[in-house]
Amino acid sequence: MKYMSTTFWFDPSCPFTWRTSRWIRDTAARRGETVRWRFLSLAILNEGRDGVPERFRTAHAAALRALRVLAAADEQHGQEAVDALYTQLGARVHDRDEPLSSETIAAAVAAAGLPAGLSAAADDTAHDKAVRESHDDAQARVGTESGSPVLAVGDGPAFFGPVLVPVPQGADADRLLDALRLLSQVPQFSELKRGRNPL
């Protein structure tokens, strides 16, 4: 199948997004492709909404701080830095169950080989503009309000998901990416859904 770039929008607090990111990252790398990492904020998505549980608001606010650091990494060091930093953040938060705290962000920045001063971006609201623009782009590409993750293949439309439990490997991983590429070329297609695995 012809090479097409993949764009992946993510909120670092979302465990479903973390699993999907590992699938697209590993599958693309194995096939000699790259992923463009972009930002989606559940804090922005839920602005002004009633009924969002406080634990989610807290998690989303922490994620916005991490997104500022990721945006600063992108601006100052490029996409490889975003990849490395998200990988380090996700491993700590989702694999080791660490809080998305200032300490976790600082440890992830160090492990990603980035300058320690980058962590200060967590409290710099100047980066909110880049995060919001990326978030808004994800919503526009999907065409309706959507949570994290969002994935687009080439210049086609974006989709919410896929939600993966557990992360597919090998031939299954390849088939999923190829299927999404085919679906993205059908303008009449909009949605599929089935029961979610309980893991």
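A pocket here is an open set of points on a 1 Å grid over the protein atoms alone, where a 1.4 Å probe fits, with protein on both sides within 12 Å along at least five of seven lines; lining residues have an atom within 4 Å of a point. A volume is the space filled by probe spheres set on the points, which are joined across faces, edges and corners. This is a predicted model, in which local features need pLDDT of at least 70 and side-chain atom pairs count only at pLDDT 80 or more, while totals for chains, interfaces and linings use all residues. Residues are numbered from 1 along each chain as its sequence is written, and side-chain values use heavy atoms, with hydrogens and water left out.

The largest pocket has a volume of about 1200 Å³. Its lining has 31 residues, and Phe160, Pro162, Val163, Leu192 and Lys193 lie nearest the centre. Helices (H or I, at least four residues) and strands (E, at least two) are DSSP runs numbered from the N terminus. β4 (158–160) and α7 (170–184) each give at least two residues to this lining, and α7 has the largest share, with six. By class, 18 lining residues are nonpolar, six polar and seven charged; Ala, Val, Leu, Ile, Met, Phe, Trp, Tyr, Cys and Pro count as nonpolar, Asp, Glu, Lys and Arg as charged, and the others, Gly among them, as polar.

The whole structure has 14 salt bridges. In one of them, Arg38 pairs with Asp137 at 2.4 Å between the closest N and O atoms. Arg38 is in strand β2 (residues 35–39) and Asp137 in helix α6 (residues 128–142), so the bridge ties together parts 99 residues apart in sequence. Arg38 is buried at 14% relative accessible area, whereas Asp137 is partly exposed at 26%; buried means under 20%, exposed over 50%, and partly exposed in between (1.4 Å probe, protein chains only).

Conventions. Salt bridge = Lys/Arg side-chain N within 4 Å of Asp/Glu carboxyl O.
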